[in-house]
Amino acid sequence: MHNSNLSELINKVIVDLISDAVLNIVNQQLALPQSIVVVFSGQAGLCYASVLQQLLSLPKNQTINIFFSNSALQHLSTQKISISAHTENILFFHDTNENIIQDLPYDLLLLPELSLNSLAKSVNHIADNLPAKWIQQALLDNKRIVVTFDYLTQHHHLNPTYQHDIDAQISKLIAYNIELASITDITTKIKACYAETKNLPVKTQEKDSTPHGNNRLNFARQTKNRLIASSQVRCHNAQTPLYLGYDTLVTPLAMDIIRQKNIPIIKG
């Protein structure tokens, strides 16, 4: 390597390391308590103990708001399962009104073992039960949404037409950027979501060019940071645009990675 090229590379690395250190300090100083909403409905209440055990392993600065539908509470009562967690960062709510759903601050929505009924309602924008209401509001607010469907693996002999409908509905969820997880590994998915998005997302009003009129893609997930270093773009999905404010600074090394990965840039 030519000496001038080596010198240029060293300068880029030094600038990037300093920028990354600055970002870490800023993120630590501005970090807000992270909040999760967990919704149990129907027979999902039966996996409550398993999910709670995983949630208890998360950092204690994360507030966990757990909501139960009436049917979930009935299943818990039948199984004589106590909902108490004996920890200050976990709060419990029963089936509740629209105001709490609209006003409660949170970063991520988790729906363990979402029922097929709620799945169909959610993808068809019918918000008349607790999980469908939460999904609709989370889509409007551009929140991260994680669902599990592990119970479907128990149904190996579904009618092919019925199975096709289920697959199509799950594909719609994925098209809305709703993420799938395993019921036995929820914390890994939650930690991955926070690692990808440290800042609160900014909702945008972009015209939807997809066939689904009320598609989640209307709400491009973006974090308009003032400074972008290589660590923030190295793991960035090359198919997802990188949203930059007009005053955003991008380190030279980060810009090299953006060019190498052909990451689309949208400024605004």
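Contact here means heavy atoms within 4.5 Å. Helices (H or I, at least four residues) and strands (E, at least two) are DSSP runs, numbered from the N terminus.

## About the model

This is a predicted model, in which local features need pLDDT of at least 70 and side-chain atom pairs count only at pLDDT 80 or more, while totals for chains, interfaces and linings use all residues. Residues are numbered from 1 along each chain as its sequence is written, and side-chain values use heavy atoms, with hydrogens and water left out.

Let's start with α3, residues 70–78, where A72, L73 and L76 are buried (under 20% relative accessible area, with exposed meaning over 50% and partly exposed in between; 1.4 Å probe, protein chains only). Looking down the axis of α3, these buried residues fall within an arc of 100°, so they line one face of the helix; the arc is that of the directions from the helix axis to the C-beta atoms.

What do the buried residues of α3 pack against? Their partners are β1 (35–40), α2 (48–55), β2 (63–68) and β3 (90–94). Just after α3, K80 takes a positive phi of about 55°.

## The sheet

Now for the strands: 6 of them form an open sheet with parallel pairing, in the order β3-β2-β1-β4-β5-β6. Two strands pair if DSSP finds at least two bridges between them. At the edges sit β3 and β6 (179–181), each pairing on one side only. From one strand to the next, the twist averages 20°.

Zooming in, β1 and β2 run parallel and are joined by 6 bridges. F40 has F68 in β2 as its bridge partner.

Helix α6 (residues 130–140) lies across β1, β2, β4 (108–111) and β5 (144–148), and runs at about 155° to β4. Axes are lines fitted to C-alpha atoms, for helices over the stretch in contact, and angles run from 0 to 180 degrees between N-to-C directions.

How do the axes of α5 (residues 116–123) and α7 (residues 160–175) cross? They come within 10 Å and cross at roughly 55°. That makes α5 oblique to α7 (under 35 degrees is roughly parallel, over 145 roughly antiparallel, 65 to 115 roughly perpendicular and the rest oblique). The contact involves L116, L119, A120 and V123 of α5, and Y162, I166, Q169, I170, K172 and L173 of α7.

## N142

N142 is found in the loop between α6 and β5, and is buried, with a relative accessible area of 0%. Its C-alpha atom is separated by 9.3 Å from that of D107, 35 residues apart along the chain.
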